[in-house]
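Dear colleague,

I am passing on the structure below, and my notes on it follow. Please keep it open beside you while you read them.

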Amino acid sequence: MKKYIVFDLEWNQAGKSGELKDMPFEIIEIGAVMLDEEKTELSSFSRLIKPKEYLVMHHMNQEISHIRMEDLTFEDDFQTVCEDFLNWCKTDDETVFCTWGSMDLTELQKNIRHFNMPPLADGPIPYLDIQKLFSIFKHEPGHRVSLEFAVNDLDIEKKRPFHRALNDVYYTVEVFKRISSAALEKKISFDLFNPPKSKEEEILIFFDTYSKYVSRGFAIMEEAKRNSSLWDVSCYICRKKPKVLLNWFEGSAKSYLCLCNCPEHGLLRSIVRFKKSENGGIYATRITHSVSDDDASLIYAKYEKKS
Ligand SMILES: [Zn+2]
């Protein structure tokens, strides 16, 4: 049986100065709900955390969450609460993390690293980004809205204030329950705090409207560019090699474009982007999707401008 762990974090940040490069946000609250496969609540977790680094509550956080520094004085530190949280998460079943947006798993891992705890994972972590799923559900993929917007849109009763971890989890669960479908749950995201470590761990997934490849991490850009599988385009529908119309060229800083044609499925655009990983290395992503004739003309124009 699959289990879902829907979680949310509240954090504090530095004032005008004193931001720690490795941890811009210090977690001060963890809220979570565990659901079974039918999305029935099994248990919940809610704890405040006494911070160690940012000891003045940033006015933004104060206004948003209404957590005051004095509320945290007698709470446990991050190591204790996070360890309890991770123990609470443990089950014999397959678990899937769910969050509103793409930040929480990354910030959680930054806090874990900062406080010298054992890492959550050594590679990518698959999760469901409910905010992203909501945008797909509304047929506006990529159009990210606030949790409150989604709650209003779906006529969910607003029984609790927003921006406290467990309350936001409660609303995220309610949104998830209403929009969820087997097709939507296939739209898995990956937290890439740790990119794939080896060729075997690299990600290549075919969705119904695009495919995504994530390379392993490399020490330097030149090595990341020499990785031949990065430039190896296939059609996201039939997975066959398409005919290359415009071979890879630099579209903009750190991104490369390629235009192809699948005899069966038409025009395809691939885009490669290079990204810095948290451990200082470089990894790359490649997305391939369909384009219209007009889009293709724009890519031709871009190509001509470059050459
Ligand atoms: Zn095809």
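Leaving aside residues up to four places away in sequence, Gln62 touches Met57 and Arg68, where a contact means that the C-beta atoms, placed from the backbone, lie within 7 Å. This is a predicted model, in which local features need pLDDT of at least 70 and side-chain atom pairs count only at pLDDT 80 or more, while totals for chains, interfaces and linings use all residues. Residues are numbered from 1 along each chain as its sequence is written.

Gln62 is found in helix H1 (residues 59–65), helices being DSSP runs of H or I with at least four residues, and strands runs of E with at least two, numbered from the N terminus. Gln62 is partly exposed, because 14 other C-beta atoms lie within 10 Å; a residue with 20 or more is called buried, one with 12 or fewer exposed, and one in between partly exposed. Between the C-alpha atoms of Gln62 and Ser44, which are 18 residues apart along the chain, there is a separation of 25 Å.

In helix H2 (residues 78–89), the buried residues are Phe78, Val81, Cys82 and Phe85. They lie on the same side of H2, because they cover an arc of only 95 degrees around the axis, taken from the directions from the helix axis to the C-beta atoms. These buried residues pack against strand E2 (25–35), strand E3 (41–48) and helix H3 (104–114).

Methods:
Expected span 1.5 Å × (residues − 1). Contact = placed C-beta atoms within 7 Å.
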